[in-house]
Amino acid sequence: MPTGSRSRGPPTPVVGVAGLGYMGLATGLAFSRRRVRTVGYDIRPELRDRIRAGKTPIYEAGLPELLRGEIQSHRFHVVDGWADLVHGADVIFLCLPTPRGPGGRIDLRPIRQGVREAGAALRGGTEYRLVVVKSTVVPGTTDGVIRPLMERVSRRDSTTLGLASNPEFLAEGNMVQDALEPERIVVGVSSARDARLLRAVYRNFPAPMLIQSPTEAELVKYASNAFLAVKVTFANEISRLVERVGGDIDRVMESVGADSRIGSKFLSAGPGFGGSCFEKDVRALVDRARELGISWGLLSHLSEANRAQTHHATALVRKAVGNLRGKSIALLGLAFKAGTDDVRESRAFPLATDLVLGGAVVRAHDPAAVRNFRRVWEQTPPAGKSKALTFCSTVEECLRSADVAVIQAAWPLYRTWPERWTKLMRRPIVVDLRRAIPEPRRHRGGIGWVGLGVAAR
Ligand code: UDX
């Protein structure tokens with residue numbers, strides 16, 4: 001067994017992390033911070049160099065400090081090949097991407113490739129290794145696809161090779177805390193030995209460990225994300241009713257969520273959910289159910305309900321300014337939510353598209369996500385409209401002479417909304433899709449505030 005920390009009790013196994021993207025890096029650093037020796041590997045050499053130099057590849061609060069601290073602690077280091085990873089670690093976590101492939105299905109190619117590489121590196125060895133799938137894969141994949149492939153390539157069986165599932169629940173913008181202090185650790189194992197190994201690597205984490213089969217653990221991940229997406233969509237649908245019958249969605253949901261059977265989180269109405277997980281995971285789950293002949297009423301309509309909410313957000317803007325043609329619109333917030341530079345499935349794309357196709361000129365701002373948004377937008381601008389959207393480096397520049405400002409992501413900067421911002425606009429209308437501006441500022445200084453989920457006064 002590679003030498004782990006021996007401070008108390010039996011040695012803690014050494015952890016290996018394959019794939020140092022968003023999730024792998026946060027996961028590996030959390031192990032290291034919890035005093036577990038950790039080795040990381042990624043196939044991208046430039047990423048390995050960046051991480052070794054203490055530079056994080058993504059915008060994520062607290063991650064640069066955590067990385068620098070763990071490099072200095074000498075508990076975390078990056079190796080240059082699969083062989084070094086699988087020989088240097090007892091428990092190897094696969095944190096490889098599972099992008100959406102053709103037809104919306106998840107694309108298992110990066111995982112299969114990783115499994116083949118890891119399997120080849122494990123060939124011939126006799127020391128026990130546990131490979132843990134952390135990537136999100138549809139229920140049944142660890143046992144039905146990854147295990148046979150791994151056993152065939154490595155020429156090992158369950159006497160020297162264990163396979164487990166351990167889904168992650170990290171939310172972007174809060175990854176460091178979620179990785180260091182998870183609410184629960186879900187593991188799916190096939191033997192008591194593997195459960196013991198996972199207990200040992202998570203020994204220093206203050207969270208309950210829920211042990212089940214690999215397929216059940218995979219189901220937990222999908223069911224959790226689907227449930228959260230349902231909660232958001234539920235709040236979104238109620239918000240449209242609130243706008244018509246009177247009231248404020250936040251006050252309504254605060255009281256709804258005060259019932260502990262419901263819970264107060266994920267009930268904040270907005271322009272629809274975005275991000276790399278919800279849409280992808282719900283689709284994959286619905287597809288899998290359909291393949292098995294199961295027809296779902298609730299989950300199979302979730303994506304459609306989410307798109308309807310984004311159209312509703314555009315409709316609010318149209319209503320606020322009248323005809324969009326020739327109007328100057330300041331779009332504030334391009335990330336899929338505040339606190340990240342990630343624009344995957346951001347509602348800012350369909351919103352901006354609807355606005356420019358309606359004839360508006362859009363100036364966009366985001367404190368962190370402009371570069372990522374610009375890259376995607378420039379690859380696929382709506383037909384003939386590539387110049388109808390430009391980017392600004394300050395909110396002031398964005399608001400100057402605008403007919404309306406639209407807040408798509410609730411960055412703290414937008415919450416400050418000083419009166420001088422209102423004065424820069426040609427018409428001082430703000431369509432606040434997240435109710436980011438605090439209540440006392442909403443109607444101060446001549447601002448015409450329109451809140452998603454808030455009835456007009
Ligand atoms: C999600 C899960 O939360 C996480 O556990 C999983 O590992 C990955 O997927 P993430 O996609 O980073 O995390 O973001 P999350 O905070 O869940 O938000 C997803 C989307 O829902 C965002 O667009 C967000 O703005 C929206 N949302 C969330 C709301 O509109 N209202 C809410 O109340 C909460």
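Mentor: Helices (H or I, at least four residues) and strands (E, at least two) are DSSP runs, numbered from the N terminus. The model is predicted, so local features need pLDDT of at least 70, side-chain atom pairs count only at pLDDT 80 or more, and totals for chains, interfaces and linings use all residues. Residues are numbered from 1 along each chain as its sequence is written, and side-chain values use heavy atoms, without hydrogens and water.

Trainee: Where is His74?

Mentor: His74 sits in the loop between α3 and β3 (76–78).

Trainee: Why is His74 called exposed?

Mentor: Exposed means over 50% relative accessible area, buried means under 20%, and partly exposed is in between (1.4 Å probe, protein chains only). His74 has 66% relative accessibility, so His74 counts as exposed.

Trainee: Why is Glu345 called partly exposed?

Mentor: The relative accessibility of Glu345 is 32%, which falls in the middle class, so Glu345 is partly exposed.

Trainee: How do you know that Cys398 is buried?

Mentor: Cys398 has a relative accessible area of 1%, so it is in the buried class. Cys398 is part of helix α15 (residues 395–399).

Trainee: What is Cys398 in contact with, leaving aside neighbours within four places in sequence?

Mentor: Contact means heavy atoms within 4.5 Å. By that rule Cys398 meets Ala330, Leu331, Leu332, Arg363, Ala364, His365 and Cys392, with neighbours within four places in sequence left aside. Met425 lies 27 residues from Cys398 in sequence and 9.2 Å away in space, C-alpha to C-alpha.

Trainee: What makes Leu452 buried?

Mentor: A relative accessible area of 0%, so Leu452 is buried too. Leu452 is in the segment after β14 (448–451). Leu452 and Val201 are 251 residues apart in sequence, and their C-alpha atoms are 45 Å apart.

Trainee: Now the helix pairs. How do α1 and α3 cross?

Mentor: Axes are lines fitted to C-alpha atoms, for helices over the stretch in contact, and angles run from 0 to 180 degrees between N-to-C directions. The axes of α1 (residues 22–33) and α3 (residues 63–73) come within 10 Å and cross at roughly 50 degrees. That makes α1 oblique to α3.

Trainee: Why is α1 called oblique to α3?

Mentor: Angles under 35 degrees count as roughly parallel, over 145 as roughly antiparallel, 65 to 115 as roughly perpendicular and the rest as oblique. Roughly 50 degrees falls in the rest, so the pair is oblique.

Trainee: Which hand has the crossing of α1 and α3?

Mentor: It is left-handed. That term applies if the near helix is turned anticlockwise from the far one by less than a right angle; clockwise is right-handed.

Trainee: Which residues of α1 and α3 meet?

Mentor: Leu25, Ala26, Leu29, Ser32 and Arg33 of α1 meet Leu63, Leu66, Leu67, Glu70 and Ser73 of α3. By class, the residues of the contact are six nonpolar, two polar and two charged. Ala, Val, Leu, Ile, Met, Phe, Trp, Tyr, Cys and Pro count as nonpolar, Asp, Glu, Lys and Arg as charged, and the others, Gly among them, as polar.

Trainee: What makes α13 and α14 oblique?

Mentor: α13 and α14 (residues 370–379) pack at about 55 degrees, with axes 12 Å apart. They are therefore oblique to each other. Their crossing is right-handed. Ala348, Phe349, Ala352, Thr353 and Val356 of α13 make the contact with Phe373, Val376 and Trp377 of α14. The contact has seven nonpolar, one polar and no charged residues.

Trainee: Which domains does the chain have?

Mentor: Domain 1 (15–212) and domain 2 (218–457), with bounds from an automatic or database domain assignment. Their C-alpha centres lie 33 Å apart. The contact takes 28 residues from domain 1 and 26 residues from domain 2.
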